[in-house]
Amino acid sequence: MHLRLSGSLPLFLAAGLAWGGPPERVRITYDTSYNGLVVAEIVEVLDHDDRTYSIVSEVRGRGILALAGMIKRSSRGRITAQGLRPDEYRDQRGDRWAVTAKFDWNARSITQDKNGASETLAMPGTAQDPLSLAYSFAFFPPTGKEFEVTRADGRGLSPFRFLVVGPEKLSTPAGELQTLRISKVRDGPEDKATDIWFATERNYLPVRILIVDKDGTRADQVATRIGN
């Protein structure tokens with residue numbers, strides 16, 4: 001992850017390079033709820049060989065949402081001294097067009113393809129896609145108090161600024177977990193609040209993502225199983 005830390009960037013990178021990283025294959029299952037009602041199951045699989053990585057996420061709805069079909073997202077790229085560098089992100093929802101973002105690190109550009117229309121944008125600093133952003137801490141744990149990152153998801157580029165809130169004990173179906181919580185700084189009253197918890201004793205894997213909309217609607221993704 002390209003992070004612009006309030007502290008020292010070289011210190012952050014040195015800490016990341018010294019980190020052993022996650023197992024070569026990790027499988028995490030999540031329940032996703034809206035306002036307390038579980039509506040979907042997400043299964044994410046991370047594979048890596050210390051040089052390249054692949055993340056595949058499959059979302060299957062429950063109840064009436066099961067009729068909507070599966071959502072499949074994927075990210076693949078390289079593991080570098082500067083963090084994860086995605087090469088391609090893909091978001092396929094049912095039979096609709098796949099939305100993609102392709103990262104050209106030499107040309108420093110991102111080509112987005114949505115509904116058959118292609119657009120190439122300048123890469124602002126370094127960017128992450130939604131999946132590589134969530135799993136970057138597994139390879140490069142944070143050391144600063146805040147960081148900035150641009151998210152590219154095939155639909156646009158979104159600058160995010162996160163604050164490192166601190167350690168928290170989290171009770172999940174996967175067990176009691178020691179975690180590190182980060183919180184997105186909201187750009188204004190219309191912006192969504194986003195908090196992410198990383199399991200510090202499980203290679204900083206993401207174990208909870210909470211998004212609260214401006215109207216109070218809560219989307220909560222919580223790990224139920226962590227395995228290989």
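1. R108 is partly exposed, with a relative accessible area of 36%; here buried means under 20% relative accessible area, exposed over 50%, and partly exposed in between, using a 1.4 Å probe and protein chains only. R108 is not a glycine, yet its phi is positive, about 55°. The residue lies in the loop between strand 6 (99–104) and strand 7 (109–114). Strands are DSSP runs of E of at least two residues, numbered from the N terminus.

2. This is a predicted model, in which local features need pLDDT of at least 70 and side-chain atom pairs count only at pLDDT 80 or more, while totals for chains, interfaces and linings use all residues. Residues are numbered from 1 along each chain as its sequence is written, and side-chain values use heavy atoms, with hydrogens and water left out.

3. N115 also calls for comment. Its phi is near 55°, a positive value in a residue other than glycine. N115 is found in the loop between strand 7 and strand 8 (117–122), and at 52% relative accessibility it counts as exposed. Most residues other than glycine have a negative phi.

4. Strand 13 (residues 193–199) is mostly covered, with 7 of its 7 residues buried.

5. Strand 13 has pairing partners in strand 12 and strand 14; two strands pair if DSSP finds at least two bridges between them. Strand 12 (residues 175–184) runs antiparallel to strand 13 and is joined to it by 5 bridges, with R181 opposite W197. Strand 14 (residues 205–212) is likewise antiparallel to strand 13, over 7 bridges, and its L210 is the bridge partner of D195. The hairpin of strand 13 and strand 14 has 5 residues between the strands, and N203 in this hairpin takes a positive phi near 60°.

6. A further antiparallel arrangement involves strands 3, 4 and 5. Strand 3 (residues 52–61) pairs with strand 4 (residues 71–80) over 8 bridges, and V59 stands opposite I71. Strand 4 is joined to strand 5 (residues 83–93) by 10 bridges, and these two run antiparallel. Strand 4 and strand 5 form a hairpin with 2 residues between them; I79 has L84 of strand 5 as its bridge partner.

7. The largest nonpolar core holds 35 residues, of which I28, F103, Y135 and V207 touch the most other members. A nonpolar core is a set of buried Ala, Val, Leu, Ile, Met, Phe, Trp, Tyr and Cys residues joined through side-chain atoms within 4.5 Å. Strand 2 (residues 37–48) supplies the largest share of this core, 4 residues. A second, separate core of 12 residues includes L133, V164, L180 and I196.

8. The largest pocket contains about 1,300 Å³ of space. Of its 46 lining residues, Y34, R73, R93, I211 and Q221 are the closest to the centre. A pocket is an open set of points on a 1 Å grid over the protein atoms alone, where a 1.4 Å probe fits, with protein on both sides within 12 Å along at least five of seven lines; lining residues have an atom within 4 Å of a point. The volume is the space filled by probe spheres set on the points, which are joined across faces, edges and corners. The lining divides into 23 nonpolar, 7 polar and 16 charged residues, where Ala, Val, Leu, Ile, Met, Phe, Trp, Tyr, Cys and Pro count as nonpolar, Asp, Glu, Lys and Arg as charged, and the others, Gly among them, as polar.
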